[in-house]
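Have a look at the structure first, then read on.

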Amino acid sequence: MMRIFSRNKGQAASRVDRRSDLRRERPPRNRSNPGAPLVLYIAGSGRSGSTLLERLLGQIDSVATLGEVHHLWARGIAKDESCGCGKPFGECEFWRRTGEMAFGGWKNVDMEDVEKLHNAVDRQRYLPLTMLPVVPPAFARQLAAYSGYYGALYKAVQELSGASVIVDSGKHPSLALALSHNRDIDLRIVHLVRDSRGVSFSWAKSVKRPESTNPEDDLMKQYSSLVSSALWVSTNLAAEALRWRAVPRTRLLYEDLIADPVATIDRLRDVLNLPITGQLKLVGPGTVDLKANHSVAGNPMRFRRGETTLRPDAEWRKAMTKKDRRLVSLLTAPMRLWYGYTGR
Ligand SMILES: [Zn+2]
């Protein structure tokens with residue numbers, strides 16, 4: 001049995017109202033075209049628990065989870081890394097059929113065009129443009145072409161799987177902003193936030209990538225506490241910019257999710273109007289029985305199957321050096337306190 005750690009339940013439950021948006025925000029009017037696939041995009045800093053949230057959502061019938069789709073082009077198509085089901089991307093039937101339906105086969109995807117468009121619209125520096133309600137025509141054409149690749153892929157997944165909700169745990173707010181301009185995608189955003197100290201401690205760890213097909217890709221990225229603090233602030237600020245786009249969004253704290261996953265996902269469903277019929281089922285106290293999935297990229301947790309117990313994570317509180325903890329606490333203080341992460 002695998003274990004995942006969380007805060008103690010009572011402590012986190014008492015904080016839900018104060019720090020999560022789940023009971024406060026109401027989704028704006030849905031502006032997507034009829035028949036558009038409903039995509040729940042998980043935005044936020046790396047190491048905030050997006051893979052866990054996605055895996056929990058994936059336990060519910062009618063939800064299809066895809067992992068971090070922005071990695072599909074390089075890690076899936078080009079490098080043939082493993083799908084969450086364990087097969088190489090090129091041998092996974094789910095992705096083969098998706099590529100066939102979306103593009104007539106992955107060989108027809110112009111990888112240079114995807115990369116070029118990515119650099120033209122899906123970067124944090126374009127935020128002042130992508131957060132606007134109307135953008136210049138030339139930029140709008142690039143946004144349409146770029147988000148069109150994602151739209152075609154989501155649509156194929158919707159038709160092949162019959163899922164009513166498709167989860168993309170891409171995290172990058174810049175991609176969510178780009179997708180929000182495409183009315184052929186019924187986009188809903190959950191902004192996932194985790195205590196900056198826990199995030200920074202996680203970024204400092206050396207973590208193997210079991211899906212690697214190249215020695216250069218054997219480890220997940222690592223950052224110093226200085227860099228991870230800057231990333232935490234800039235990514236969460238960028239995710240806050242999504243409130244200016246007319247798409248349903250809410251903010252969710254990782255600590256609240258892990259303390260009470262069933263109630264938290266129920267609230268997420270309600271506040272974002274997600275057409276989910278079932279409910280997350282536990283097989284024991286705080287324990288889920290993770291089933292296989294076709295996550296194309298993400299944290300190694302995407303490969304985990306079977307019974308997994310959610311428990312308080314106190315490792316960074318004990319193992320983080322005083323110097324790092326002080327530095328991260330200070331550098332992230334305004335946003336950290338605004339999100340309600342008080343204490344040292
Ligand atoms: Zn697969």
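**Sheet and helix packing**

Five strands build an open sheet with parallel pairing, in the order E3-E4-E2-E5-E6; two strands pair if DSSP finds at least two bridges between them. Strands (E, at least two residues) and helices (H or I, at least four) are DSSP runs, numbered from the N terminus. This is a predicted model: local features need pLDDT of at least 70, side-chain atom pairs count only at pLDDT 80 or more, and totals for chains, interfaces and linings use all residues. Residues are numbered from 1 along each chain as its sequence is written.

- E2 (residues 38-43) and E4 (residues 165-171) run parallel and are joined by four bridges.
- In E4, Lys 171 is the residue opposite Ala 43.

**The helices**

- H6 (residues 111-121) packs on H8 (residues 137-161) at about 130°, with the axes 9 Å apart; axes are lines fitted to C-alpha atoms, for helices over the stretch in contact, and angles run from 0 to 180 degrees between N-to-C directions.
- H6 contributes Val 114, Leu 117, His 118, Ala 120 and Val 121 to the contact, and H8 contributes residues including Phe 139 and Tyr 149; residues are in contact if their C-beta atoms, placed from the backbone, lie within 7 Å.
- Helix H3 (residues 50-57) lies across E2, E3, E4 and E5 (186-193), at about 170° to E4.

Conventions:
Contact = placed C-beta atoms within 7 Å.
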